[in-house]
Amino acid sequence: MIITGGAGNNGLAIVRMALANGMNVAFLSSFHGKAQDAIAKLDPKYADQVIGFAQNPEARLAENIECDPNLYNETTTQETVLGWIHDRFGSIDVVVNGSGGHDRHNLEETDKAVWHHSMEVVEGAFFNTKLALPYLKQSKAPRVINMTTVDGKAGGWYFNPSFAAARGGMISLTQEMAKELGPHGITVNCVLTGHIEQDVPDEDVLPDAMREELLARTPLGRLGVPEDIAGAVNFLASDEASFITGAVIDINGGIITA
């Protein structure tokens with residue numbers, strides 16, 4: 001499994017469950033040090049099953065070279081990194097595109113810079129999958145799992161049109177990829193998360209009144225936890241999910257968002 005955005009609590013829960021299930025995992029983060037910090041949070045008994053690199057070394061090259069000058073240099077690319085992962089584990093079978101993050105801006109505040117920043121989520125998922133495709137075609141059980149939020153269906157709790165549009169784009173990208181990659185035996189699915197309070201930055205923690213409103217609209221009567229997300233992702237990565245593709249799975253406790 002390679003996973004982007006794996007350093008947050010959702011990502012770490014996914015990785016812990018994957019490791020416990022016997023999978024090998026590669027963290028791909030914005031820079032090398034962040035991937036190594038994520039590995040340090042895991043049980044040392046999995047040391048032989050997990051590695052971590054900068055996803056796109058060129059984007060923050062100076063920082064990556066500073067972190068590990070023996071590993072990174074001016075010629076290191078994302079393709080190079082995927083090659084390292086394949087050489088270490090012998091295959092790349094599961095790609096989890098879990099990168100997120102955003103700056104909150106309403107419609108009037110959104111300019112082209114904000115818009116393009118939001119769309120980097122879709123761009124990252126597309127190119128991460130495209131560059132991994134030669135390895136996925138060699139796999140006996142290839143999986144692509146795109147992660148995004150319920151905002152892609154009905155907007156979010158805060159007005160943020162570029163964020164919602166990017167999340168909707170992840171859903172459409174999933175379904176398009178499922179059709180194109182299906183003939184190669186590659187399944188492509190999307191996990192839509194609700195408000196996982198243990199995996200949001202401080203600025204997105206809901207005020208008490210809004211939190212109570214969210215709970216009142218959630219049939220299961222609780223907010224999600226990272227392990228809820230991990231269970232869905234690891235199921236989609238399993239042999240039991242081999243006939244599921246193009247699916248959008250809502251992990252939100254049944255909340256009615258429209």
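Leu 181 is buried, with a relative accessible area of 7%. In this predicted model, Leu 181 sits in helix H7. Pro 161 counts as partly exposed, because its relative accessibility is 29% and buried means under 20%.

**Loop residues**

Tyr 46 belongs to the loop between H2 and S3. Tyr 46 has a relative accessible area of 16%, so it is buried. Tyr 46 and Met 23 are 23 residues apart along the chain, and 10.0 Å separates their C-alpha atoms. Asn 24 is in the loop between H1 and S2. At 28% relative accessibility, Asn 24 is partly exposed. Asn 24 and Gly 224 are 200 residues apart in sequence, and their C-alpha atoms are 26 Å apart in space.

The C-alpha separations are set out here.

| Residue pair | Separation along the chain | C-alpha distance |
|---|---|---|
| Tyr 46 and Met 23 | 23 residues | 10.0 Å |
| Asn 24 and Gly 224 | 200 residues | 26 Å |

How many residues of strand S2 are buried? Five of its five residues are, across residues 25–29, and the strand is mostly covered. In a regular strand the side chains alternate between the two faces of the sheet. In S2, Val 25, Phe 27 and Ser 29 point one way. Ala 26 and Leu 28 point the other way, and all of these residues are buried.

S2 pairs with strand S1, residues 2–4, through three bridges, and the two run parallel. Ile 2 has Ala 26 of S2 as its bridge partner. Between S1 and S2 the chain passes through helix H1, residues 9–20, in a right-handed β-α-β crossover.

S2 also pairs with strand S3, residues 50–54. Here five bridges join the strands, again in a parallel run. Val 25 is partnered by Val 50 in S3. The path from S2 to S3 goes through helix H2, residues 32–40, and this β-α-β crossover is right-handed.

Strand S6 covers residues 187–193. Seven of its seven residues are buried, so S6 is largely enclosed by the rest of the structure. Both faces of S6 are covered. One side carries Thr 187, Asn 189, Val 191 and Thr 193, and the other carries Val 188, Cys 190 and Leu 192.

Which strands pair with S6? One is strand S5, residues 143–149, with seven bridges in the parallel sense. Arg 143 stands opposite Thr 187 in S6. Strand S7, residues 248–251, is joined to S6 by four bridges and also runs parallel to it. Thr 193 stands opposite Ile 251 in S7.

**Cysteines**

Cys 190 of S6 has a relative accessible area of 0%, so it is buried. Cys 67 counts as partly exposed because its relative accessibility is 38%. How many disulfides does the whole structure hold? The search finds zero.

**The cavity**

Rolling a probe the size of a water molecule over the atoms shows where empty space is left. The count comes to one cavity of 30 Å³ or more. The largest cavity has a volume of about 50 Å³. Its lining is made up of Thr 4, Gln 55, Asn 97, Ser 99, Val 121, Gly 124, Ala 125, Asn 128 and Met 170. Which element gives the largest share of that lining? Helix H5, residues 112–136, does, with four residues. By class, the lining has three nonpolar residues, six polar residues and no charged residues.

Note on methods: Residues numbered from 1 in each chain as written. Predicted model: local features only at pLDDT ≥ 70, side-chain atom pairs only at ≥ 80, totals over all residues. Heavy atoms only, no water. Disulfide = S-S within 2.5 Å. Buried < 20%, exposed > 50% of the residue type's maximum accessible area, 1.4 Å probe, protein only. Pairing = 2+ DSSP bridges. Right-handed = clockwise from strand over helix to strand, strands pointing away. 1 Å grid on protein atoms, 1.4 Å probe; cavity = no way out; pocket = protein on both sides within 12 Å on 5 of 7 lines; lining within 4 Å. Points joined across faces, edges and corners; volume = space filled by probe spheres on them. Nonpolar A, V, L, I, M, F, W, Y, C, P; charged D, E, K, R; others polar.
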